[in-house]
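Biologist: Put the model up, please. I have a few questions about it.

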Amino acid sequence: MSLLLRRVVAELVGTAFLVIAVVGSGIMASRLSPSDTGLALLENSLATGAALAALILALQPVSASFNPVVTLVERALGLLDWSTAGALIVAQFVGGVAGTVVANAMFGLDAVALSTHPRTGPGLWLGEIVATVGLLLVVFGTVRSGRADRVAFAVGGYIAAAYWFTSSTSFANPAVTLARTITDTFAGIAPASAPAFMLAQLMGGVLGFILVRLLYPAVAKAPAVAGAASSSDRKAIL
C-alpha cells in the first residue's frame, strides 16, 4: 500500500472515529442528563477530548490531521503538495459523514437526519474564529517547537476546554461541521447554519497561519527518541 493511500485511510478512519466520539457522546450525554445541559456538555467535551488524544497517538505516525483547516495550513507551510492535501481533505469529509451515520445507527436513530438545531449569530461566528486560531497555535506551536510527541495531549486538552470557553462550543473543523448537519441530536447543527461556521473556520485558519509563521518562523529539531516515528511521518497532526 502506497504512503498516500495509507494517509488517506488514516484520515478517513480517524475523522470518522472523531465524529463518532462527538456525536455518540452527545447522544449518550443527552440521554443520561436530559435535564442538565451543563452536565451533558461536560460529558460530551471530556469524551471528545479523550478520544481525540487517543486517535492522534494511534495514527500520528501515518497521518492525524482529521481537519481540512489543519491540512490547508500544512500545505501553506510547504509540508504537503496540493494533490496530497486534496486527497486528505476529501478523506476527512467522507470520514466525518460516515462517522455521523455510524453514531446515529449505534443509538437506534435514523442513519441520516438533518439537524434542526440552529447555531447562528456574530458571537458564535467569532467563537469559531477564536477556536480555530487557538487550535492551530496549539497544533503547530507544539510541533514546530520540537514537541510533536506531546501534541495529542495538547490538542485533546485544548478541544475539551474550548467546548467551554467559546460561545460556539468549538467546532473548529469544516469536516466535522458538515458531518454534524446530518444528526438531529445534541451535537447537531442545522444545515443552514453550517456555511457561516465553515467560513469562520477558514478565516481562523488564515489568522492562525499568520500567527504560526510569526511566532515559529523555524522548526525546532525534535530530540531523538528511540523507536520514535521519523519527522516526515509527523507532518500531519490533529
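Biologist: Is F66 buried or exposed?

Modeller: F66 is buried, at a relative accessible area of 0%. Buried means under 20% relative accessible area, exposed over 50%, and partly exposed in between, with a 1.4 Å probe and protein chains only. This is a predicted model, where local features need pLDDT of at least 70 and side-chain atom pairs count only at pLDDT 80 or more, while totals for chains, interfaces and linings use all residues. Residues are numbered from 1 along each chain as its sequence is written, and side-chain values use heavy atoms, with hydrogens and water left out.

Biologist: What is the phi of F66?

Modeller: Positive, about 60°, although F66 is not a glycine. F66 lies in the loop between α2 and α3 (68-76). Helices are DSSP runs (H or I, at least four residues), numbered from the N terminus.

Biologist: And S170, where is that?

Modeller: In the loop between α6 (151-165) and α7 (174-179). S170 has a positive phi of about 55° and is not a glycine either. S170 counts as buried, at 3% relative accessibility.

Biologist: Back to α3. At what angle does α3 pack with α4?

Modeller: About 175°, with the axes of α3 and α4 (residues 82-106) 9 Å apart. That makes α3 roughly antiparallel to α4, a label for angles over 145 degrees. The axes are lines fitted to C-alpha atoms over the stretch in contact, and angles run from 0 to 180 degrees between N-to-C directions.

Biologist: Which residues meet there?

Modeller: From α3, P68, T71, L72 and R75; from α4, W82, A85, L88, I89, Q92 and F93. Contact means heavy atoms within 4.5 Å. By class that is seven nonpolar, two polar and one charged residues. Ala, Val, Leu, Ile, Met, Phe, Trp, Tyr, Cys and Pro count as nonpolar, Asp, Glu, Lys and Arg as charged, and the others, Gly among them, as polar.

Biologist: What volume does the largest cavity have, then?

Modeller: About 130 Å³. It is lined by 15 residues, and L18, I159, S170, F171 and N173 are the closest to its centre. α1 (3-32), α2 and α6 each give two or more residues to that lining. The classes are 10 nonpolar, four polar and one charged.

Biologist: And the second largest pocket, what lines it?

Modeller: 14 residues, with L41, H117, R119, T169 and F186 nearest its centre. Its volume is about 170 Å³. Helix α2 (residues 37-59) gives the most to the lining, three residues. The lining has six nonpolar, six polar and two charged residues.

Biologist: Last one. What does I182 touch?

Modeller: Leaving aside neighbours within four places in sequence, I182 is in contact with V97, T100, V101, N104, A111, V112, A113 and L114. I182 lies in the loop between α7 and α8 (194-215) and counts as buried at 12% relative accessibility.

How values were computed: On a 1 Å grid over the protein atoms alone, a cavity is a set of points where a 1.4 Å probe fits but cannot get out, and a pocket is an open set with protein on both sides within 12 Å along at least five of seven lines; lining residues have an atom within 4 Å of a point. Grid points are joined across faces, edges and corners, and a volume is the space filled by probe spheres set on the points. Angles under 35 degrees count as roughly parallel, over 145 as roughly antiparallel, 65 to 115 as roughly perpendicular and the rest as oblique.
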